[in-house]
Amino acid sequence: EDLYNADWPKELLELTFPYALNHEGHFRGLRVRMGAHTGIPICQRDPLTGRMDYFGRMVNKASRIASVAHGGQVIVSAACWDKAKDGQRAQELVHTPLGEHKLKDINDSLELAQVSSKKFENRTFPPLASLENQKNRNQLVTQDVEQLVNDNEVLRKQVDALGQRLKELGGVAQDFEAKLSEISEKYKMSELIG
């Protein structure tokens with residue numbers, strides 16, 4: 001909630017889609033993704049900064065959990081939630097189980113959940129970017145591309161058939177041919193873009 005309530009620069013809040021940082025009262029300002037796990041890290045003081053630095057499997061898991069979240073989303077492991085659920089502030093939170101997910105460089109799947117303030121319980125996010133979801137997403141993109149190719153082929157055939165018909169109509173077709181040429185150019189541009 002502190003990030004939501006922060007005094008963000010006016011210019012930042014006035015950005016429009018797709019860069020908008022102010023969305024339907026659910027988001028405001030920069031969107032930070034967070035991941036949490038529990039355990040005992042290896043702690044060492046950084047010789048340059050003098051600040052503590054943390055290492056180990058538990059830190060790696062927390063990092064991988066954060067990497068599957070989306071901006072504005074807080075994801076925790078089941079182990080983390082088990083330790084936090086009886087805490088003083090847990091009653092102020094909404095806990096949404098997200099199931100088991102396979103994360104990069106982690107051997108076992110982890111049970112993950114989304115945690116949010118009750119104020120933000122209506123925020124919606126795409127599926128986590130876990131390994132199995134990325135595979136499914138890639139399959140969906142492939143299917144979408146195949147459908148676009150098929151649709152473009154059908155459209156091309158329709159444009160060709162219309163062009164042939166217009167040629168058959170003779171003199172009246174000249175006006176239509178100009179329009180067909182315009183449509184054909186737009187189609188060619190869409191193939192280059194898409």
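Figure 1. Met34 lies in strand β3. Strands (E, at least two residues) and helices (H or I, at least four) are DSSP runs, numbered from the N terminus. The model shown is predicted: local features need pLDDT of at least 70, side-chain atom pairs count only at pLDDT 80 or more, and totals for chains, interfaces and linings use all residues. Residues are numbered from 1 along each chain as its sequence is written, and side-chain values use heavy atoms, with hydrogens and water left out. Together with Leu3 and Val32, Met34 makes a nonpolar surface patch of about 230 Å². Patches are made of residues with over 30% relative accessible area and no salt bridge; nonpolar side chains (Val, Leu, Ile, Met, Phe, Trp, Tyr) are joined within 5 Å, like charges within 9 Å. Areas come from the Shrake-Rupley method with a 1.4 Å probe; for residues, only the protein chains shown count as cover. Met34 has 39% relative accessibility and counts as partly exposed. Buried means under 20% relative accessible area, exposed over 50%, and partly exposed in between (1.4 Å probe, protein chains only).

**Figure 2. The whole protein chain.** Six helices and eight strands make up its list of elements. Along the sequence they follow the pattern α-α-β-β-β-β-β-α-β-α-β-β-α-α. The chain has 194 residues, of which 24% count as buried. It exposes about 14100 Å², and carbon and sulfur atoms supply 53% of that area. Contacts (heavy atoms within 4.5 Å) also reach along the chain. Among those with a separation of 6 or more, 56% join residues 24 or more positions apart.

Figure 3. Met58, Ala62, Ile65, Ala66 and Val68 are buried in α3. Seen down the helix axis, the buried residues fall within an arc of 165°, so they line one face of α3. The arc is that of the directions from the axis to the C-beta atoms. These buried residues pack against β3 (34-36), β6 (74-77) and β8.

**Figure 4. Leu128 and Ile65.** Leu128 lies in the loop between β8 and α5 (131-168). At 5% relative accessibility, Leu128 is buried. Ile65 of α3 is buried too.

**Figure 5. The salt bridge of Arg64 and Asp105.** A salt bridge is a side-chain nitrogen of Lys or Arg within 4 Å of a carboxyl oxygen of Asp or Glu. Here Arg64 and Asp105 meet at 2.7 Å, N to O. Arg64 sits in helix α3 (residues 57-68) and Asp105 in the loop between β7 (93-101) and β8 (110-117), so the pair ties together parts 41 residues apart in sequence. Arg64 is partly exposed, at 25% relative accessible area. Asp105 is exposed, at 61%.

**Figure 6. Two further salt bridges.** The structure holds three salt bridges. One of them joins the side chains of Lys85 and Asp82, at 3.6 Å, N to O. Lys85 is partly exposed, with a relative accessible area of 39%. Asp82 is partly exposed, at 47%. Another joins Glu92 and Arg89, at 3.2 Å, N to O. Glu92 is partly exposed, at 41%, whereas Arg89 is exposed, at 60%.
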